[in-house]
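Hi,

Here is the structure I promised to send over. Have a look, and then read on for what turned up in the salt bridges.

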Amino acid sequence: MAEFWLISAPGEKTCQQTWDKMNIATTRTANLSTNSKFTIPDLKVGTLDVLVGLSDELAKLDSFVESVVKKLAQYMSDVLEDSRDKVQENLLANGVDLNTYVTRFQWDMAKYPIKQSLKNISEIVSKQVTQIDNDLKARASAYNSIKGNLQNLERKNAGSLLTRSLADIVKKEDFVLDSEYLITMLVVVPKASYPDWQKTYETLSEMVVPRSSNLLFEDQDSGLFISLEFIVRDFQYNEEEMKADKEELTRLSTDKKKQFGPLVRWLKVNFSEAFIAWIHIKALRVFTESVLRYGLPVNFQAMLLQTNKKNIKKLREVLHELYKHLDGSAAIIDASMDIPGLNLSQQEYYPYVYYKIDCNLLDFK
């Protein structure tokens, strides 16, 4: 997945000229980036005061929506057991991969009507993504509960003989049941101690039945125990309890399988919705900042640059040369300064409007 720079510059005689100039500058001597136009419709501008306030709100909304998009992607990865190829093919926007969606972005008029004010559109996005976030928490909690309980039961049936459940190993005929005088003891003996065990077990107590020791099961872990002692396992043969444990394991396994398909489908649909909402927020931010920076009437060209890590420094220099006349102070403005309406705090500031869209949403270990 790629990283994109979403930038805008004022329209010259025509917006096409602005586009041509940037495109030639970044591709003429070296292919510093792969570029595409980013089409934003004619949105309702509103008053300057509203735009200034909205600029800060959109910054917060951008961060929130991005966090939900990343949570959905990461949870998809968790549910699919971190299989990289399967995860990526399920993370689509409008049925296409993320790079394609971003580079061919088209405003969704049905979801976000452009006759509404910018503030209303941002509130539609906020409400929609908050609902997705709440639903994700509820669904993840239900699925994780089943998954956790199943893992605990499976863990009981795995591991060494010192800790694992013995219910699936022993049989009824291995035990003397309902006797007043005899009881069957289960003992874990390290492999290295087998000879000592056979020599000594009959003399451990006056009450041991001679030749009554039988090997029921071996695992690989017994070699881990260097002690010459043996360990008695506290175990009572109870058919009803053993049957209940097996039924619980089957039930949880069935429940997990039943929930898996619908959960993956829900994640696919809602990841797509959240990602689309996120890119619309980026469009709103570019529009708002461009009007604040370049003034009215609305006349700017939004452009999308797909970057290459090794060319980033050179690309910045080329863009700076191209646009430094827009704001001579841009080169010296400190990123920690807080200038209302330009949303500079904690982000890079350039003479052109700039936002980053990073489609690398997963943290694979």
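Below are my notes on the charged pairs.

Keep in mind that this is a predicted model.

Start with Lys-282 and Asp-62, whose side chains meet in a salt bridge at 2.9 Å, N to O. Lys-282 sits in helix H7 (residues 239-294) and Asp-62 in helix H2, so this pair ties together parts that are 220 residues apart in sequence. Buried or exposed, you ask, for Lys-282? Lys-282 is buried, with a relative accessible area of 5%, and Asp-62 is buried as well, at 2%. Both fall in that class because the cut-off for buried is under 20%.

Next, Glu-57 and Lys-119 form a salt bridge at 3.0 Å, N to O. Here Glu-57 belongs to helix H2 (residues 48-79) and Lys-119 to helix H5 (residues 118-156), so the pair links parts that are 62 residues apart in sequence. Glu-57 is partly exposed at 38% relative accessibility, and so is Lys-119 at 33%.

Lys-313 counts as exposed at 64% relative accessibility, while Glu-317 is partly exposed at 39%.

One last thing, back at Glu-57: salt bridges with shared partners join Glu-57, Lys-119 and Glu-123 into one network.

Cheers

Conventions: Residues are numbered from 1 along each chain as its sequence is written. This is a predicted model: local features need pLDDT of at least 70, side-chain atom pairs count only at pLDDT 80 or more; totals for chains, interfaces and linings use all residues. Side-chain values use heavy atoms; hydrogens and water are left out. A salt bridge is a side-chain nitrogen of Lys or Arg within 4 Å of a carboxyl oxygen of Asp or Glu. Helices (H or I, at least four residues) and strands (E, at least two) are DSSP runs, numbered from the N terminus. Buried means under 20% relative accessible area, exposed over 50%, partly exposed in between (1.4 Å probe, protein chains only).
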